[in-house]
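These are my notebook entries on a single structure.

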Amino acid sequence: MSTHAPQTYEFQTEIKQLLDIVIHSLYTEKEIFIRELVSNASDALEKLRHVQLTEKDVADESQGLEISISTDDKAKTITIQDFGLGMTRAELIENLGTIAHSGSKAFLKALGENGTKNTNLIGQFGVGFYSAFMVAKSVKVYSRSWKKDEPAHVWASDGSGSYTIDEATDLTRGCKIVVELKDECDEYAAEWKIKELLTRYSSFVGFPIKLNGTVLNTVQALWLRNKNEIKDEEYTEFYKFQAHAHDDPRYRLHFNADAPLQINALLFVPKESPEKFGLSRAEPSVSIYCRKVLIEDKCKDLLPEWLRFMKGVVDSEDLPLHISRETMQDKSLLEKLNKVLTKRFLKFLEDEAKNRAEGYDEFFNEFGIFLKEGAAIDYTHRDSLAKLLRFESSVTEKGKLTSLADYVSRMKDGQKDVYYIIGPNRAAIEAGPYLEGFKARGLEVVFCYESVDEYVMSNLREFDGKKLTAADHADVQLDAIPKPEGESLTEDEAKELSTWLKDSLGAQVAEVKSSDRLVDSPIVALNADKFMSPHMRRMMKAMKQDGADTPVRVNLEINPRHAVIRKLAATRAASPDRAKLIAEQLLDNALISAGLLEDTTRMIQRLNKLMGEL
Ligand code: ADP
Ligand code: MG
């Protein structure tokens, strides 16, 4: 029973403005008011713990530090009680009636700068205590300060221009907030609903939370603990819980930093790639917390897109403070977090690659595609990512990987470029006509099997100052090597045959010359088009893009020592018709090896004809 009449106070103008927006907003995720009130309760308990360390005379000393929540679906109320430090009358006025505090101030500032009633900002910032008015007809705050001599009060408002404060009796230390729900929001008086929301937003709150008398399981905020004291099983359990995962994590990275930002991060790489079967694109899913309370799960801008396979949590105390000073518009805080986290993760991968290469290669087989994506499009991290790429090559065994740095360390004296061949698999590349010239000269060639590799290589352009060069490009100049033993066309014969081939084969062939890069194959098609490689052409075709239909044009190189070529030179005069058929067939063979032959019907007819002449 109060001994005084309740006293009425006007809200500060900014608060009125804020309440007006909050109450009339159509913001759909009204549920965040739970997060806000529970985080205030948790803050109040945390602060009390500090007070207990320094003060002797604390009210209700024996009261346990917990949060007690009750729902009443008849009365349509939800009550959130904590036994934290509570508020005096002056503090009620200061904290709940003016805009001195962080979240709401930032919200208003961002609103002002946005120039609109952008209610999405409510979700991004949280509007703290006032978010209760999204769902409430009225809010009552019963509060008793930890200071023993202070009287207890009840603060009440319906969110319109004013609030009242009255003295109250029989209160335990802390705050008890009774939210009387609007009719259309009565779902928040249902126990199951609140349980669901508490699990979502407040699983890591460091104090026991009781819902209608039963303690909800809270999970330890592992990321805030000292990593030397955490067992592997605990990490795995946490990963499964937090990421809703069923596998064990492949990698974990637990670190904290104080500069340039205060960060506690616990990041995981899953065992398997979420995009393994190419069915769907993974959504970013690292959650961001501020002192154990969820700010946003699946935070989009926290990491670069090519790290969208990562799981885990990032906690930063700087978050709300910073937000109050910055506008959300420039996203500078998230950008800074992004930078720090990415750098740390790349460093982590570098260490793994160096110290545990086998495990790293397994990681790369599963997740390399993401690193390639980053290497191709993320200019900021390109150099670090290029070092992390792995490929098979002409000197590795099948299934074994090499880095570009190792390739460079094996380069021959005078070799300027890093060579690569794109093909469907190792066997196809080894059997094709492109490798043999490099092999004969002892030049290593990187093997690329994935359709993105072409894109990656042409975007990277260089590694360690060495040009990345496609082995099937017409510009590639290989050093002369001693000609192999055995019969060969003379230079003049080869020249004549080349001219004849060019004339007979028509527009598809830009140039024909005798080759020093061929050893076992009679002919090879080299890409004459600087701007569109065969692989790019195929990709564009698959995506039905313009330009894919421009006619194929290639340069041909012939092997003057090969039996077919020698015979062709001889047949040319004797039976010109037959020679023409063979020439056309040779061109098609070369196009098949290059992956450029699209229509095989003509070729089959021709082959049948040639075989009929046996
Ligand atoms: P913020 O938590 O960002 O400061 P809020 O709007 O959530 O902003 O809360 C405003 C202020 O009201 C808090 O800073 C705190 O001083 C006070 N407050 C809110 N809830 C409680 C509580 N349960 N116990 C004690 N003080 C509280
Ligand atoms: Mg708050």
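The model is predicted.

**Sheet.** I looked up the pairing of strand 4 (residues 136-144) and found that eight bridges join it to strand 7 (residues 174-181), the two running antiparallel. Tyrosine 142 faces lysine 176 of strand 7. I then traced the whole sheet, which is open, has nine strands in the order 1-6-5-4-7-3-2-8-9, and shows mixed pairing. On average, with direction ignored, neighbouring strands are turned by 20 degrees against each other. I also checked what packs on this sheet: helix 3 (residues 89-97) touches strand 1, strand 4, strand 5 (152-157) and strand 6 (162-168). The direction of helix 3 makes about 155 degrees with that of strand 6.

**Cores.** I searched for nonpolar cores, and the largest has 98 residues, with Leu371 and Leu556 making the most contacts inside it. Helix 9 (residues 332-355) supplies the largest share of this core, 10 residues. A second, separate core holds 71 residues, among them Leu19, Phe33, Ile69 and Val293. Returning to leucine 371, I listed its contacts beyond four places in sequence, which include Trp306, Leu349, Tyr360 and Phe363.

**Lysine 372.** I placed this residue in helix 10 (residues 357-377). Is lysine 372 buried or exposed? Its relative accessible area is 4%, under the 20% limit, so lysine 372 counts as buried. Leaving aside neighbours within four places in sequence, lysine 372 is in contact with Phe364, Leu389, Phe391, Glu450, Val452, Asp453 and Val456.

**Helix 17.** In this helix (residues 534-542) I noted Pro534, His535, Arg537 and Met540 as buried. The buried residues of helix 17 pack against strand 17 (417-422), helix 15 (451-460) and strand 22 (523-527). Lysine 544 follows helix 17 and has a positive phi, near 55 degrees.

**Cysteines.** How many disulfides does a search of the whole structure find? The search returns zero. I examined cysteine 290: the closest cysteine sulfur, in cysteine 299, is 13 Å from its own, so the pair is too far apart for a bond. Cysteine 290 is also buried, with a relative accessible area of 10%. Cysteine 185 counts as buried as well, at 4% relative accessibility.

Notes: Residues numbered from 1 in each chain as written. Chains lettered and ligands numbered in written order. Predicted model: local features only at pLDDT ≥ 70, side-chain atom pairs only at ≥ 80, totals over all residues. Heavy atoms only, no water. Helix = DSSP H or I, 4+ residues; strand = E, 2+ residues; numbered from the N terminus. Buried < 20%, exposed > 50% of the residue type's maximum accessible area, 1.4 Å probe, protein only. Contact = heavy atoms within 4.5 Å. Disulfide = S-S within 2.5 Å. Core = buried A, V, L, I, M, F, W, Y, C linked by side-chain atoms within 4.5 Å. Pairing = 2+ DSSP bridges. Axes fitted to C-alpha atoms, helices over the stretch in contact; angles between N-to-C directions.
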